[in-house]
Amino acid sequence: MSKTRIAFIGAGNMAASLIGGLRAQGLEAAQIRASDPGAEQRAKIHAEHGIALFESNAEAIEGADVVVLSVKPQAMKAVCEALKPNLKPGQLVVSIAAGITCASMNKWLGAQPIVRCMPNTPALLRQGVSGLYATDEVSAEQRQQAEQLLSAVGIALWLDSEAQLDAVTAVSGSGPAYFFLLIEAMTAAGEKLGLSREIASKLTLQTALGAAHMATASDVDAAELRRRVTSPNGTTEAAIKSFQADGFEALVEKALGAAAHRSAEMAEQLGN
C-alpha cells in the first residue's frame, strides 16, 4: 500500500475510520482523497486527517488505484451510474455498502474489478471484522490492496462465494447489536436482583469485555471455556440450564437466519 492511491466516495463514519486507520499505518495524506456532498463533513475530515476533499466524485477518483464506495445502499445506483464514465478500465472498486451485489455494481459501473465487503461498526474503534469477496477480474495485487484497506480497522477474512456475505451480515455485520441487547437484558436483570443501575451496568460491561478477551486469547473454543467456568450444581450451571431449557441456541439460530434472509432480500430489492 506504500504507493497505492485511494479515493473514497462518501466520507461518513466508516470511511473516516478507514482513512484514520490507513493514516495510522503510515499512508501519506497525499495518497488519499475523498468526496462528500456536505461542506461541513469535508471540512471535518480534512481537519482530522489532512487529506484532499472534493464535492465532485469524478474529481476525487482522478489518479486513484482504488475507489472505495462508502455511500448509503439506496444511493449506490445513482452514484455508480454517474461515476461510470470517469472510471478507468481495471480500476479496483471496493464497496462497503450493505446489500448491493457485484452483479448490480457491474450493471451500473461496467466490467470493473470489484471487491465487496461487509464490515461492522466496531471498525469505528479499529476493532472490526470484515468479510470480503472478490470478482474474477480482481488481480492478486488488488486482493492484497483490498485486504490491507479493511485490515486498517480490524480483521479481514476472504469468502469463497458472494452468497456467504449474507451469513457474514447475520453473524458480524448485525452481531454487535445482539451483544448490546444481551448487555441491556443483563443490566436490567441485575437491577431487578437489587443492584443499582450503575453497578449492574459496570458489572455487565466489564464481564462482556473480559469474556471477549478470554475467548480471543484462548487456544480452545467457546464451548470449552463455558464448560471450564460451569461447576456441577453451581450457580453458572443453573443459569445455563435455564437458558437452554428456553431454547437459547435455537433462538439464536432463528434470529441469525432472519438476518441472513433479510440481507438477501435487500440485495434483490436494491439491485433493481
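1. Gly-26 comes after helix 1 and has a positive phi, near 110°. Helices here are DSSP runs of H or I with at least four residues, strands are E runs of at least two, and both are numbered from the N terminus. A word on the source: this is a predicted model, in which local features need pLDDT of at least 70, side-chain atom pairs count only at pLDDT 80 or more, and totals for chains, interfaces and linings use all residues. Residues are numbered from 1 along each chain as its sequence is written, and side-chain values use heavy atoms, with hydrogens and water left out.

2. Helix 1 itself has 12 residues and reaches 16 Å from its first C-alpha to its last, close to the 16 Å expected at 1.5 Å a residue. That expected span is 1.5 Å times one less than the number of residues.

3. Buried means under 20% relative accessible area, exposed means over 50%, and partly exposed lies in between (1.4 Å probe, protein chains only). Among the buried residues are Met-14, Ala-16, Ile-19 and Gly-20. The buried residues of helix 1 pack against strand 1, strand 2 (32–35), helix 2 and helix 6 (140–151). Asn-13, also in helix 1, counts as exposed because its relative accessibility is 59%.

4. From helix 2 (residues 39–49), please have a look at His-49. This residue counts as buried because its relative accessible area is 15%. Beyond its neighbours within four places in sequence, His-49 is in contact (heavy atoms within 4.5 Å) with Ala-16, Ile-19, Gly-20, Arg-23 and Ala-29.

5. Ala-11 sits in the loop between strand 1 (6–9) and helix 1 (13–24). With a relative accessible area of 0%, Ala-11 is buried. Setting aside neighbours within four places in sequence, its contacts are Ala-34, Ser-35, Asp-36, Gln-41, Ile-45 and Leu-53.

6. An unreviewed UniProt entry annotates Ile-9, Gly-10, Ala-11, Gly-12, Asn-13 and Met-14 as "binding site". The lining of the second largest pocket takes in Ile-9, Gly-10, Ala-11, Gly-12, Asn-13 and Met-14 from this set. A pocket is an open set of points on a 1 Å grid over the protein atoms alone, where a 1.4 Å probe fits, with protein on both sides within 12 Å along at least five of seven lines; lining residues have an atom within 4 Å of a point. UniProt positions follow the numbering used here, feature names are shortened, and annotations may be inferred rather than shown by experiment.

7. Finally, the protein is divided into domain 1 (6–161) and domain 2 (174–267), with bounds from an automatic or database domain assignment. Taken over C-alpha atoms, the centres of domain 1 and domain 2 are separated by 33 Å.
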